[in-house]
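Subject: Structure handover

Hello,

Here is the structure for your files. My notes follow below it.

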Amino acid sequence: MTNNISIRHLRAFVAVARHGSFTRAAEHLHLTQSSLTATIKQLEQQAGLTLLDRTTRRVLLNPEGERFLPVAERLLSDFDTAVTDLQAVAEHQHGQVGIAASPSTLARLLPPVVKEFHARYPRIGILLRDHSAAGIEQHVLANDVDFGIGGNHSDQPDLSYTPILRDRFGVVLSPDHPLARRREPLDWKDLDQEELLMLSTDTGIRAQLSKYPARHGTGLRLDRPTIEVSNPAGLAALVEAGLGLSILPALAAGTRSFEQLLFRPLDNPAIHRDLYILQRRGRSLSPAADAMLRLVRQRFASMPLPPFVETV
(Lines give C-alpha, C1' and ligand atoms only; values in the text may rest on other atoms or scores of the structure.)
Protein backbone atom coordinates (compact mmCIF):
# COMPACT_ATOMS: atom_id res chain seq x y z
CA MET A 1 0.00 0.00 0.00
CA THR A 2 1.43 3.36 -1.03
CA ASN A 3 1.81 5.83 1.86
CA ASN A 4 0.95 9.37 0.78
CA ILE A 5 0.85 10.93 4.24
CA SER A 6 2.55 14.32 4.06
CA ILE A 7 3.65 17.13 6.37
CA ARG A 8 0.37 18.86 5.47
CA HIS A 9 -1.60 15.94 6.91
CA LEU A 10 0.49 15.88 10.09
CA ARG A 11 0.06 19.62 10.65
CA ALA A 12 -3.70 19.32 10.20
CA PHE A 13 -3.95 16.39 12.65
CA VAL A 14 -1.82 18.05 15.33
CA ALA A 15 -3.77 21.32 15.03
CA VAL A 16 -7.13 19.59 15.43
CA ALA A 17 -5.83 17.52 18.35
CA ARG A 18 -4.50 20.60 20.15
CA HIS A 19 -7.52 22.82 19.57
CA GLY A 20 -10.17 20.13 19.95
CA SER A 21 -12.12 21.82 17.18
CA PHE A 22 -12.07 21.84 13.39
CA THR A 23 -13.19 25.47 13.40
CA ARG A 24 -10.39 26.76 15.62
CA ALA A 25 -7.79 24.51 13.96
CA ALA A 26 -8.82 25.80 10.52
CA GLU A 27 -8.45 29.40 11.73
CA HIS A 28 -5.00 28.58 13.16
CA LEU A 29 -3.86 27.03 9.87
CA HIS A 30 -5.56 29.70 7.74
CA LEU A 31 -7.61 27.05 5.96
CA THR A 32 -11.30 26.68 5.28
CA GLN A 33 -13.04 24.18 7.54
CA SER A 34 -14.04 22.05 4.55
CA SER A 35 -10.42 21.88 3.37
CA LEU A 36 -9.20 20.86 6.83
CA THR A 37 -11.92 18.23 7.15
CA ALA A 38 -10.90 16.76 3.76
CA THR A 39 -7.24 16.68 4.83
CA ILE A 40 -8.02 14.78 8.06
CA LYS A 41 -10.19 12.36 6.08
CA GLN A 42 -7.28 11.69 3.69
CA LEU A 43 -4.97 11.06 6.65
CA GLU A 44 -7.33 8.53 8.21
CA GLN A 45 -7.84 6.80 4.86
CA GLN A 46 -4.11 6.52 4.32
CA ALA A 47 -3.58 5.25 7.87
CA GLY A 48 -6.51 2.85 7.63
CA LEU A 49 -7.66 3.99 11.06
CA THR A 50 -9.97 6.55 12.60
CA LEU A 51 -7.87 8.86 14.77
CA LEU A 52 -10.48 11.39 15.94
CA ASP A 53 -13.90 10.97 17.51
CA ARG A 54 -16.31 13.74 16.50
CA THR A 55 -19.04 14.87 18.87
CA THR A 56 -21.44 17.78 18.55
CA ARG A 57 -19.29 19.86 20.91
CA ARG A 58 -15.69 18.64 20.61
CA VAL A 59 -13.29 16.60 18.58
CA LEU A 60 -11.46 14.06 20.77
CA LEU A 61 -8.53 11.74 20.17
CA ASN A 62 -9.37 8.06 20.30
CA PRO A 63 -6.70 5.61 21.60
CA GLU A 64 -5.07 5.29 18.15
CA GLY A 65 -4.98 9.07 17.84
CA GLU A 66 -3.45 9.46 21.31
CA ARG A 67 -0.65 7.05 20.38
CA PHE A 68 -0.05 8.81 17.07
CA LEU A 69 -0.04 12.40 18.39
CA PRO A 70 3.45 12.39 20.02
CA VAL A 71 4.85 10.69 16.91
CA ALA A 72 3.34 13.33 14.64
CA GLU A 73 4.58 16.14 16.92
CA ARG A 74 8.12 14.73 16.90
CA LEU A 75 8.12 14.36 13.11
CA LEU A 76 6.94 17.95 12.69
CA SER A 77 9.55 19.20 15.16
CA ASP A 78 12.35 17.33 13.37
CA PHE A 79 11.15 18.59 10.00
CA ASP A 80 10.89 22.22 11.17
CA THR A 81 14.34 22.02 12.78
CA ALA A 82 15.85 20.62 9.58
CA VAL A 83 14.25 23.35 7.46
CA THR A 84 15.42 26.02 9.92
CA ASP A 85 18.97 24.64 9.70
CA LEU A 86 18.82 24.73 5.89
CA GLN A 87 17.61 28.30 5.95
CA ALA A 88 20.36 29.23 8.40
CA VAL A 89 22.95 27.75 6.04
CA ALA A 90 21.42 29.61 3.10
CA GLU A 91 21.52 32.84 5.09
CA HIS A 92 25.15 32.26 6.19
CA GLN A 93 24.12 31.85 9.83
CA HIS A 94 25.34 28.29 10.26
CA GLY A 95 27.94 25.92 8.80
CA GLN A 96 31.65 25.76 8.10
CA VAL A 97 33.92 26.70 5.20
CA GLY A 98 37.07 24.66 4.63
CA ILE A 99 40.06 25.81 2.56
CA ALA A 100 43.32 23.98 1.88
CA ALA A 101 46.08 26.34 0.81
CA SER A 102 49.81 26.49 0.23
CA PRO A 103 51.75 27.78 3.25
CA SER A 104 52.69 31.00 1.48
CA THR A 105 49.09 31.72 0.44
CA LEU A 106 47.85 31.03 3.94
CA ALA A 107 50.49 33.24 5.53
CA ARG A 108 50.57 36.18 3.10
CA LEU A 109 47.19 36.48 1.41
CA LEU A 110 44.38 34.72 3.28
CA PRO A 111 44.45 36.45 6.72
CA PRO A 112 42.72 39.70 5.57
CA VAL A 113 40.19 37.69 3.56
CA VAL A 114 39.39 35.46 6.54
CA LYS A 115 39.13 38.51 8.80
CA GLU A 116 36.60 40.19 6.49
CA PHE A 117 34.58 37.00 6.00
CA HIS A 118 34.43 36.36 9.76
CA ALA A 119 33.24 39.93 10.35
CA ARG A 120 30.46 39.47 7.80
CA TYR A 121 29.42 35.97 8.85
CA PRO A 122 30.45 35.43 12.49
CA ARG A 123 28.33 32.29 12.84
CA ILE A 124 30.18 30.45 10.05
CA GLY A 125 33.11 28.32 11.17
CA ILE A 126 36.33 28.47 9.12
CA LEU A 127 38.79 25.59 8.70
CA LEU A 128 42.17 26.36 7.11
CA ARG A 129 44.50 23.53 6.15
CA ASP A 130 48.14 24.33 5.40
CA HIS A 131 49.51 21.73 2.99
CA SER A 132 51.70 20.96 0.00
CA ALA A 133 50.26 20.93 -3.51
CA ALA A 134 49.74 17.17 -3.42
CA GLY A 135 48.03 17.43 -0.03
CA ILE A 136 45.77 20.22 -1.24
CA GLU A 137 44.61 18.09 -4.16
CA GLN A 138 43.89 15.15 -1.85
CA HIS A 139 41.92 17.26 0.63
CA VAL A 140 39.73 18.64 -2.16
CA LEU A 141 39.26 15.18 -3.71
CA ALA A 142 38.26 13.73 -0.33
CA ASN A 143 35.80 16.61 0.30
CA ASP A 144 37.69 17.48 3.48
CA VAL A 145 37.57 21.11 2.34
CA ASP A 146 35.34 23.11 0.03
CA PHE A 147 38.14 24.29 -2.25
CA GLY A 148 41.90 24.67 -2.37
CA ILE A 149 44.41 27.32 -3.41
CA GLY A 150 47.67 25.89 -4.67
CA GLY A 151 49.64 24.51 -7.56
CA ASN A 152 48.66 21.90 -10.12
CA HIS A 153 50.69 19.00 -8.78
CA SER A 154 49.29 16.07 -10.74
CA ASP A 155 46.50 17.36 -13.03
CA GLN A 156 43.79 15.27 -11.37
CA PRO A 157 40.90 14.57 -13.79
CA ASP A 158 38.33 14.95 -10.98
CA LEU A 159 39.53 18.46 -10.14
CA SER A 160 39.15 21.77 -11.91
CA TYR A 161 42.10 24.17 -11.83
CA THR A 162 41.27 27.85 -12.29
CA PRO A 163 44.32 30.17 -12.41
CA ILE A 164 44.22 32.97 -9.85
CA LEU A 165 47.82 34.05 -9.11
CA ARG A 166 51.25 33.96 -10.68
CA ASP A 167 54.57 34.72 -9.01
CA ARG A 168 58.15 34.93 -10.19
CA PHE A 169 60.90 32.47 -9.32
CA GLY A 170 64.04 33.85 -7.77
CA VAL A 171 66.90 33.02 -5.47
CA VAL A 172 66.78 33.25 -1.68
CA LEU A 173 70.13 33.93 -0.03
CA SER A 174 71.64 35.33 3.13
CA PRO A 175 72.60 39.04 3.15
CA ASP A 176 76.31 38.18 3.40
CA HIS A 177 76.32 35.85 0.39
CA PRO A 178 78.59 37.12 -2.46
CA LEU A 179 75.66 37.17 -4.91
CA ALA A 180 73.78 39.52 -2.56
CA ARG A 181 76.30 42.25 -3.38
CA ARG A 182 75.73 42.01 -7.13
CA ARG A 183 74.00 45.13 -8.48
CA GLU A 184 73.07 43.69 -11.87
CA PRO A 185 70.15 41.21 -12.20
CA LEU A 186 70.90 37.57 -11.45
CA ASP A 187 70.24 34.84 -13.95
CA TRP A 188 70.23 31.07 -13.81
CA LYS A 189 73.82 30.56 -14.89
CA ASP A 190 74.94 32.44 -11.77
CA LEU A 191 73.77 29.42 -9.76
CA ASP A 192 75.90 26.83 -11.56
CA GLN A 193 78.53 26.57 -8.83
CA GLU A 194 76.29 27.27 -5.85
CA GLU A 195 75.14 24.81 -3.21
CA LEU A 196 71.38 24.47 -3.70
CA LEU A 197 68.97 23.79 -0.88
CA MET A 198 65.65 22.61 -2.27
CA LEU A 199 62.15 21.82 -1.12
CA SER A 200 61.38 18.11 -1.42
CA THR A 201 59.77 16.62 -4.51
CA ASP A 202 56.32 16.26 -2.91
CA THR A 203 55.91 20.05 -2.81
CA GLY A 204 54.21 21.98 -5.59
CA ILE A 205 57.10 24.42 -5.85
CA ARG A 206 59.63 21.67 -6.53
CA ALA A 207 57.29 19.85 -8.90
CA GLN A 208 56.70 22.99 -10.94
CA LEU A 209 60.36 23.96 -10.94
CA SER A 210 61.29 20.50 -12.20
CA LYS A 211 59.26 21.12 -15.37
CA TYR A 212 61.28 24.16 -16.41
CA PRO A 213 64.95 23.39 -17.01
CA ALA A 214 64.61 21.34 -20.18
CA ARG A 215 61.80 23.45 -21.58
CA HIS A 216 63.14 26.92 -20.85
CA GLY A 217 66.89 26.49 -20.93
CA THR A 218 67.60 27.61 -17.38
CA GLY A 219 70.52 25.22 -17.16
CA LEU A 220 69.42 24.28 -13.66
CA ARG A 221 70.46 20.76 -12.74
CA LEU A 222 68.19 19.18 -10.20
CA ASP A 223 69.76 15.75 -10.55
CA ARG A 224 72.94 16.70 -8.70
CA PRO A 225 73.14 16.00 -4.95
CA THR A 226 71.23 18.60 -2.98
CA ILE A 227 69.92 19.08 0.52
CA GLU A 228 66.15 18.74 0.51
CA VAL A 229 63.70 20.03 3.12
CA SER A 230 59.98 19.25 3.37
CA ASN A 231 58.84 22.64 4.66
CA PRO A 232 59.76 26.30 3.98
CA ALA A 233 60.61 27.12 7.60
CA GLY A 234 63.29 24.44 7.69
CA LEU A 235 64.62 25.58 4.34
CA ALA A 236 64.90 29.17 5.57
CA ALA A 237 66.83 28.04 8.65
CA LEU A 238 69.42 26.22 6.50
CA VAL A 239 69.88 29.19 4.15
CA GLU A 240 70.25 31.52 7.13
CA ALA A 241 72.86 29.15 8.59
CA GLY A 242 74.95 29.59 5.44
CA LEU A 243 74.59 26.09 4.01
CA GLY A 244 73.64 27.44 0.57
CA LEU A 245 70.89 29.22 -1.28
CA SER A 246 67.51 28.22 -2.57
CA ILE A 247 65.13 28.85 -5.45
CA LEU A 248 61.60 29.88 -4.56
CA PRO A 249 58.70 31.85 -6.00
CA ALA A 250 58.31 35.36 -4.64
CA LEU A 251 55.20 34.62 -2.58
CA ALA A 252 56.86 31.78 -0.69
CA ALA A 253 60.04 33.81 -0.19
CA GLY A 254 57.98 36.62 1.33
CA THR A 255 56.70 34.62 4.29
CA ARG A 256 57.86 35.32 7.84
CA SER A 257 60.33 32.41 7.80
CA PHE A 258 62.43 34.25 5.21
CA GLU A 259 62.25 37.78 6.65
CA GLN A 260 65.98 37.76 7.52
CA LEU A 261 66.94 36.67 3.99
CA LEU A 262 67.05 38.34 0.58
CA PHE A 263 65.01 37.50 -2.51
CA ARG A 264 66.37 38.32 -5.95
CA PRO A 265 64.31 37.47 -9.07
CA LEU A 266 66.06 35.38 -11.71
CA ASP A 267 66.29 36.40 -15.38
CA ASN A 268 67.26 34.73 -18.65
CA PRO A 269 64.65 33.36 -18.59
CA ALA A 270 62.13 34.80 -16.12
CA ILE A 271 59.88 31.92 -15.08
CA HIS A 272 56.76 31.87 -12.95
CA ARG A 273 54.68 29.64 -10.73
CA ASP A 274 50.93 29.47 -11.24
CA LEU A 275 48.51 29.11 -8.34
CA TYR A 276 44.98 27.83 -8.92
CA ILE A 277 41.59 27.55 -7.29
CA LEU A 278 41.05 23.80 -6.97
CA GLN A 279 37.51 22.44 -6.87
CA ARG A 280 36.01 18.97 -7.06
CA ARG A 281 34.26 18.53 -10.41
CA GLY A 282 30.52 17.98 -10.06
CA ARG A 283 30.40 19.21 -6.45
CA SER A 284 28.47 22.40 -5.77
CA LEU A 285 29.60 24.75 -3.03
CA SER A 286 27.45 25.61 -0.03
CA PRO A 287 26.22 29.23 0.07
CA ALA A 288 28.85 30.06 2.71
CA ALA A 289 31.68 28.43 0.74
CA ASP A 290 30.54 30.20 -2.42
CA ALA A 291 30.58 33.52 -0.56
CA MET A 292 34.11 32.80 0.69
CA LEU A 293 35.34 31.89 -2.80
CA ARG A 294 33.85 35.07 -4.28
CA LEU A 295 35.53 37.10 -1.53
CA VAL A 296 38.89 35.39 -2.23
CA ARG A 297 38.64 36.31 -5.91
CA GLN A 298 37.61 39.90 -5.17
CA ARG A 299 40.28 40.55 -2.55
CA PHE A 300 43.10 38.84 -4.43
CA ALA A 301 42.26 41.05 -7.41
CA SER A 302 42.22 44.27 -5.36
CA MET A 303 44.69 43.86 -2.49
CA PRO A 304 48.29 45.12 -2.75
CA LEU A 305 50.32 42.07 -3.73
CA PRO A 306 53.96 41.41 -2.84
CA PRO A 307 56.57 42.32 -5.49
CA PHE A 308 56.74 39.90 -8.42
CA VAL A 309 53.26 38.48 -7.62
CA GLU A 310 50.27 39.22 -9.88
CA THR A 311 46.70 38.08 -10.38
CA VAL A 312 45.79 36.08 -13.46
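Among contacts in the protein chain (heavy atoms within 4.5 Å) between residues at least 6 apart in sequence, 74% join residues at least 24 apart. This is a predicted model: local features need pLDDT of at least 70, side-chain atom pairs count only at pLDDT 80 or more, and totals for chains, interfaces and linings use all residues. Residues are numbered from 1 along each chain as its sequence is written, and side-chain values use heavy atoms, with hydrogens and water left out.

Overall shape. The radius of gyration, taken over C-alpha atoms, is 32 Å for the protein chain, whereas a compact globule of 312 residues would have one near 20 Å. That globule rule is 2.2 Å times the number of residues to the power 0.38. Along the principal axes, the C-alpha atoms fill a box of roughly 105 × 40 × 30 Å. Of the 312 residues, 44% count as buried, meaning under 20% relative accessible area (1.4 Å probe, protein chains only).

Secondary structure. The protein chain has 12 helices and 13 strands. These are DSSP runs numbered from the N terminus: helices are H or I with at least four residues, strands are E with at least two.

Strand E12 (272-280). Seven of its nine residues are buried, so E12 is largely enclosed by the rest of the structure. Strands count as paired if DSSP finds at least two bridges between them. E6 pairs with E12 in the antiparallel sense over nine bridges. Leu 159 has Arg 280 as its bridge partner in E12. E5 also runs antiparallel to E12, joined by three bridges. There, Ile 149 is partnered by Ile 277.

Strand E10 (residues 246-249). Both faces are covered: Ser 246 and Leu 248 are buried on one side, Ile 247 and Pro 249 on the other. E10 pairs with E6 (residues 159-173), antiparallel, over four bridges. Phe 169 stands opposite Pro 249.

Cores. A nonpolar core is a set of buried Ala, Val, Leu, Ile, Met, Phe, Trp, Tyr and Cys residues joined through side-chain atoms within 4.5 Å. The largest has 30 residues, and Leu 110, Ile 149, Val 296 and Phe 300 have the most contacts inside it. Elements that each supply at least two residues of this core include E5, E6, E12 and helix H12 (287-302). H12 gives the largest share, eight residues. Leaving aside neighbours within four places in sequence, Leu 110 is in contact with Ile 99, Ala 101, Thr 105, Ile 149, Val 296 and Phe 300. Another core lies apart, with 29 residues, among them Leu 173, Leu 186, Leu 196 and Ala 252.

Best regards

Technical notes. Buried means under 20% relative accessible area, exposed over 50%, partly exposed in between (1.4 Å probe, protein chains only).
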